Amino acid sequence: MPSSLPRPVAWGTVSSSSPASRPGPIADVAPLSLCAREPHVPADRLVAEMVPPPRFDSVRFGTYIPDPDQPSQTEAVGVLEGFAAGLGGAPAGEPGRRRLFGFGRAPKKAPAGPRGVYLDGGYGVGKTHLLASLWHATPAEPSLKAFGTFVELTNLVGALGFQQTVKTLSGHRLLCIDEFELDDPGDTVLVSTLLGRLVEAGVALAATSNTLPGKLGEGRFAAADFLREIQGLSAHFRALRIDGEDYRHRGLPEAPAPYSDEVVTRAARATEGASLDAFPDLLDHLARVHPSRYGALTDGLRAVCLTGVGPVPDQSTALRLVVLADRLYDREVPVLASGLPFDRLFSEEMLKGGYRKKYFRAISRLTALARDAKRLTDLP
């Protein structure tokens, strides 16, 4: 996503005015390094960047192609088109007086019934495509609509504080939350309270997840102890089930096998704006960078090249890698790697545990980015 804010040129990144990526040979450029970057992201950037990521800039309901064997996909498009059309009234905030952090807001009484839609389905059925299409179709200025992942939303609260986040978002007409998941009891209480306050202010909600609202938190913590909060969250949404297979795998060849260290290094040196890091070093570095900064970590990158990919050692590291995979996928940054294939990153225990849906999503997305990276090599 092009940002109006200046890119951190001191990192050696390519500015938004630089030529487009060209993977052909250039004069053996020294690759960038993710491990050398320590981005600091101001709060106003977190707010300004709450729009659909670059991969979904041009998506619309008309560009979503439902699977004819999955009628729930066609039904979801119709429901969401109607939902967007119904958001054409006055914004929740007082017209002409809304500011970046919502000052001058006049609360609006929430309507009866669910004030949101919740898209539930498996990986790669187009939920994010539909969520971004809803954002684009809603008749409101971009400054009155917010789009971000669940992690980005909780990071925003961490950066601004709860009360300031409420003020910031209460003037919006629509809040879209991608990849909605509850990983711990603190998130459950925080998000339940936040969304309740926003609904009271008249903000419409839309979310995607691989888990039904009433099942959030299962396998991660004692969800039964927080049933009231989870039920409160569920009451805000009308759930829409979207069935289908992962579109990233439909009719596509198998994911490319990992390359040798030599091929990866050569491609990194021959690709303008590519980074080159040893996978273990990158995992260590991610532990020192807050996940809210992972988007900024990838600023200006045209490709990520990794050597020595191996099993992720523990769950905390794995969850950080999931966030990075999401940010790379959002920004369409190809990933070229040596070592193990991406479907062997996570242990069998991880893939059977409470975070398995996150890990399978990361595998799916990294595999798609690995296919995109094939063009960076001179191999057939």
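In this predicted model, the largest cavity has a volume of about 340 Å³. A search of the whole structure finds two cavities of 30 Å³ or more. Two or more lining residues come from each of the following elements: helix H1 (43–48), strand E2, helix H4 (150–160), helix H10 (294–297) and helix H11 (315–330).

The chain contains 13 helices and eight strands. Among its contacts with a separation of 6 or more, 87% are made by residues 24 or more positions apart. The accessible surface of the chain amounts to about 16,300 Å², and carbon and sulfur atoms account for 54% of that area.

Strand E2, which contributes to the cavity lining, also belongs to an open sheet of five strands. The order in this sheet is E2-E3-E4-E1-E5, and the pairing is parallel. Because strand E2 (145–149) and strand E5 (237–242) each have a single partner strand, they stand at the edges, and one side of each is left without a neighbour in the sheet. From one strand to the next, the twist averages 15 degrees. The partner of E2 is strand E3 (residues 174–178), with five bridges joining the two in the parallel sense. Within this pair, Phe147 stands opposite Cys176 in E3.

How many residues of strand E1 (residues 116–121) are buried? Six of the six are buried, so E1 is largely enclosed by the rest of the structure. In a regular strand, side chains alternate between the two faces of the sheet. In E1, Gly116, Tyr118 and Asp120 point one way, whereas Val117, Leu119 and Gly121 point the other way, and all are buried.

Strand E1 has a parallel partner in strand E4 (residues 204–209), to which five bridges join it. Here Asp120 has Ser209 of E4 as its bridge partner. Strand E1 also runs parallel to E5, and six bridges join these two strands. In this pairing, Gly116 has Phe237 of E5 as its bridge partner.

Conventions. Residues are numbered from 1 along each chain as its sequence is written. This is a predicted model: local features need pLDDT of at least 70, side-chain atom pairs count only at pLDDT 80 or more; totals for chains, interfaces and linings use all residues. Side-chain values use heavy atoms; hydrogens and water are left out. Two strands pair if DSSP finds at least two bridges between them. Helices (H or I, at least four residues) and strands (E, at least two) are DSSP runs, numbered from the N terminus. Axes are lines fitted to C-alpha atoms, for helices over the stretch in contact, and angles run from 0 to 180 degrees between N-to-C directions. Contact means heavy atoms within 4.5 Å. Accessible areas come from the Shrake-Rupley method with a 1.4 Å probe; for residues, only the protein chains shown count as cover. Buried means under 20% relative accessible area, exposed over 50%, partly exposed in between (1.4 Å probe, protein chains only). On a 1 Å grid over the protein atoms alone, a cavity is a set of points where a 1.4 Å probe fits but cannot get out, and a pocket is an open set with protein on both sides within 12 Å along at least five of seven lines; lining residues have an atom within 4 Å of a point. Grid points are joined across faces, edges and corners, and a volume is the space filled by probe spheres set on the points.
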